[in-house]
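Please read the points below with the model open beside you.

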Amino acid sequence: MKITGETSMNRTRTVLAGLAVAAAIAMSGCDPQPESEGTASTPSAAASSAAPPSTAASTPASDAATVKACADIKKDITDNATKIAKAEKIGPPAGHFAVSAQWAAGSVAILAHSMSANEAVTAASEKIQNEMMSLSDAYNKSADAKPSKKALEAAIKELDTACSAA
């Protein structure tokens with residue numbers, strides 16, 4: 001049986017999607033930090049927040065979860081950027097698969113950490129996740145892809161705004 005390029009790409013996309021789903025499932029039940037460590041990291045994230053103290057006092061449990069989610073998501077974005085840069089150094093033709101896979105993996109990490117956030121942060125995170133998957137698809141389609149990251153950058157700004165209001 002002869003496998004065409006399109007069939008091969010569909011298989012690759014299916015495998016990547018499967019890995020992304022498996023990672024999301026695995027990560028959704030995992031919180032390696034005890035509750036006390038999570039609250040220890042909260043002040044640094046809260047210090048960069050522009051939220052007034054009265055807002056934080058009104059719903060402390062959800063705000064603490066959102067602040068932690070924001071910190072985790074921002075860390076995921078930074079980590080993913082570092083890994084993307086490393087994967088891009090591989091270069092075409094094989095490197096585009098590594099870049100595509102890393103965009104997909106980064107989007108799963110964002111998704112996993114946004115589950116405990118408030119609605120605004122979750123919505124902004126979904127936009128980031130969708131843009132990352134679009135970039136993954138673009139790199140998967142072409143070894144010479146140079147897709148624009150402007151939509152991703154705009155989604156990250158929305159996240160920053162949502163996190164500052166948390």
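1. How many disulfides does the structure hold? There is 1 disulfide, a disulfide being a pair of cysteine sulfur atoms within 2.5 Å. Cys70 and Cys163 form it, with their sulfur atoms 2.0 Å apart. The pair links distant parts of the chain, since Cys70 sits in helix 4 and Cys163 in helix 7, 93 residues apart. The torsion about the S-S bond of Cys70 and Cys163 is about -95°, so this disulfide is left-handed.

2. A word on the basis of these values. This is a predicted model, in which local features need pLDDT of at least 70 and side-chain atom pairs count only at pLDDT 80 or more, while totals for chains, interfaces and linings use all residues. Residues are numbered from 1 along each chain as its sequence is written, and side-chain values use heavy atoms, with hydrogens and water left out.

3. Buried here means under 20% relative accessible area, exposed means over 50%, and partly exposed lies in between (1.4 Å probe, protein chains only).

4. Overall make-up. The chain has 7 helices and 0 strands; helices (H or I, at least four residues) and strands (E, at least two) are DSSP runs, numbered from the N terminus. Read from the N terminus, the elements run α-α-α-α-α-α-α. Of the 166 residues in the chain, 32% are buried. The chain exposes about 9,600 Å², and carbon and sulfur atoms supply 61% of that area (Shrake-Rupley method, 1.4 Å probe; for residues, only the protein chains shown count as cover). Among contacts with a separation of 6 or more, 74% are between residues 24 or more positions apart, a contact being heavy atoms within 4.5 Å.

5. The core. The largest nonpolar core has 22 residues, and those with the most contacts inside it are Trp103, Val121, Ile128 and Leu159. Helix 4 (60–88), helix 5 (95–114), helix 6 (119–141) and helix 7 (150–164) each supply at least two residues of this core. The term covers a set of buried Ala, Val, Leu, Ile, Met, Phe, Trp, Tyr and Cys residues joined through side-chain atoms within 4.5 Å. With residues up to four places away in sequence left out, Ile128 touches Ile77, Ile110, Leu152, Ala155, Ile156 and Leu159.

6. Helix 5. This helix has 20 residues and reaches 29 Å from its first C-alpha to its last, close to the 28 Å expected at 1.5 Å a residue; the expected span is 1.5 Å times one less than the number of residues. Why is helix 5 described as largely enclosed by the rest of the structure? The reason is that 14 of its 20 residues are buried.

7. Met132 and Asn80. Met132 lies in helix 6 and is buried, with a relative accessible area of 2%. Apart from neighbours within four places in sequence, Met132 is in contact with Asn80, Trp103, Gly106, Ser107, Ile110 and Leu152. Met132 and Ile110 are 22 residues apart in sequence and 9.6 Å apart in space, C-alpha to C-alpha. Asn80 is found in helix 4 and is buried, with a relative accessible area of 2%. Not counting residues up to four places away in sequence, Asn80 touches Gln102, Trp103, Gly106 and Met132.

8. The structure holds 5 salt bridges, each a side-chain nitrogen of Lys or Arg within 4 Å of a carboxyl oxygen of Asp or Glu. One of them joins Asp72 to Lys68, with the closest N and O atoms 3.0 Å apart. Both residues lie in helix 4, 4 residues apart, about one turn of the helix. Asp72 counts as buried, at 19% relative accessibility. Lys75 forms a salt bridge with Asp79, with the closest N and O atoms 2.9 Å apart. Lys75 and Asp79 are likewise in helix 4 and 4 residues apart. Asp79 is partly exposed, with a relative accessible area of 30%.

9. A salt bridge between helices. The side chains of Lys127 and Glu158 meet in a salt bridge (2.7 Å, N to O). Lys127 lies in helix 6 and Glu158 in helix 7, so the pair ties together parts that are 31 residues apart in sequence. Lys127 counts as partly exposed at 41% relative accessibility, and Glu158 counts as partly exposed at 36%.
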